[in-house]
Amino acid sequence: MKKKFSFLLLLGIVLISLTTACSKKNSKPKTNPEPSASSLINANFKTSFANGHFTQSLNSDEMNQKSKSEGLFKDKGDVTNLTYTLTQKKKSQTEQMWLTKKDMYLLLEQNKGHWIKNSINADTFDSDQVKERFDPATFKSINKAFANKATVQKKNGNYVVSFDGTDTKLWNAVNPLVIDAMNTPGSQNMQVARLVKSAQLQNLNVTYLIDPTTKKVESITFKARYTAGGKYNFTWNLTYDQLGQHSDLAVPDNIQKDAISAEDIKKAQEEQQQNQK
């Protein structure tokens, strides 16, 4: 009888242990998988990229050259404010510009504080070279290649979609942005394009910060190290932020009012040449 009682007691303990273990296993909180990179990137990209702020830098020690751009954009770049500085051998030149659908306002150091107004279709200026970097359509191939390689994490309440490595398809998709960075604003140099397309990528980091509630993109960052021409090392950084915060962007009234027409300058120069004959 004692043996039977001992067996039943042991069986009871085993059953209690199993029940407790199952209870603990079932009580573990279920973790929902993170959304896919593609779903986060494409949910509200166009809306997010309607307007914002950007900064860009490009450095090459071998060429003893660096450039920096900063400004604001709206409506696929149809309204753009840009400040561009190029430094070569410790000498810097800065230009400022405003772009609209029809006009360009340019402030150069030699203008002595005067804004010059010209047509957006001026022969020496390619407005698309500036505006394309603010057009969501430019990011179609970038976003596709990025989504295939990116990882998703939740940090500080936001989704961080990121990639860090040397993926060829993503680098090729990003090439147009790099080419624009290597050209001065409004210029297209085919030699620069060939240089970038044949460059050796050392590392590429892409990060999108996305709001988990609205699914809007809050910032986009590109960082790359690459070698062009076999001997020139470049470091490129591009950041879009303050997205959605500049819907009222417009050329200031005083600039529109006081700007000197490039056509008027041209006519004055022609008249002066005629008088000198």
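Asp-103 is partly exposed, with a relative accessible area of 22%. Partly exposed means between the two cut-offs: buried is under 20% relative accessible area and exposed is over 50%, with a 1.4 Å probe and protein chains only. Asp-103 has a partner, Lys-117, and together they form a salt bridge. The closest N and O atoms are 3.9 Å apart. A salt bridge here is a side-chain nitrogen of Lys or Arg within 4 Å of a carboxyl oxygen of Asp or Glu. Lys-117 is partly exposed too, at 31% relative accessibility.

A word on the source. This is a predicted model, where local features need pLDDT of at least 70, side-chain atom pairs count only at pLDDT 80 or more, and totals for chains, interfaces and linings use all residues. Residues are numbered from 1 along each chain as its sequence is written, and side-chain values use heavy atoms, leaving out hydrogens and water.

How many salt bridges does the structure hold? Three. Next on my list is Asp-78 with Lys-131, closest N and O atoms 3.4 Å apart. Asp-78 sits in the loop between β2 (65-74) and β3 (79-88), and Lys-131 in helix α4 (residues 127-131), so the pair ties together parts 53 residues apart in sequence. Helices (H or I, at least four residues) and strands (E, at least two) are DSSP runs, numbered from the N terminus. Asp-78 is partly exposed at 22%. Lys-131 is buried at 9%.

Then Lys-149 and Asp-167. Their closest N and O atoms are 3.8 Å apart. Lys-149 is in helix α5, Asp-167 in the loop between β8 (158-165) and α6 (168-182), 18 residues apart. Lys-149 is partly exposed at 44%, while Asp-167 is buried at 15%.

Now the rings. Phe, Tyr and Trp rings (the six-membered one for Trp) pair if their centres lie within 6.5 Å; planes under 30 degrees apart are stacked, over 60 edge-to-face, the rest tilted. That rule gives 15 aromatic pairs. Why is the pair of Phe-45 and Phe-49 stacked? Because the ring centres are 5.5 Å apart and the planes at 15 degrees. Both residues, Phe-45 and Phe-49, are buried.

Phe-146 and Tyr-208 are a tilted pair: 4.7 Å centre to centre, 45 degrees between the planes. This pair links distant parts of the chain, with Phe-146 in helix α5 (residues 140-149) and Tyr-208 in strand β9 (residues 200-210), 62 residues apart. Phe-146 and Tyr-208 are both buried.

Last point. One aromatic cluster includes Phe-45, Phe-49, Phe-146 and Tyr-208, and among its other members are Trp-236 and Tyr-240.
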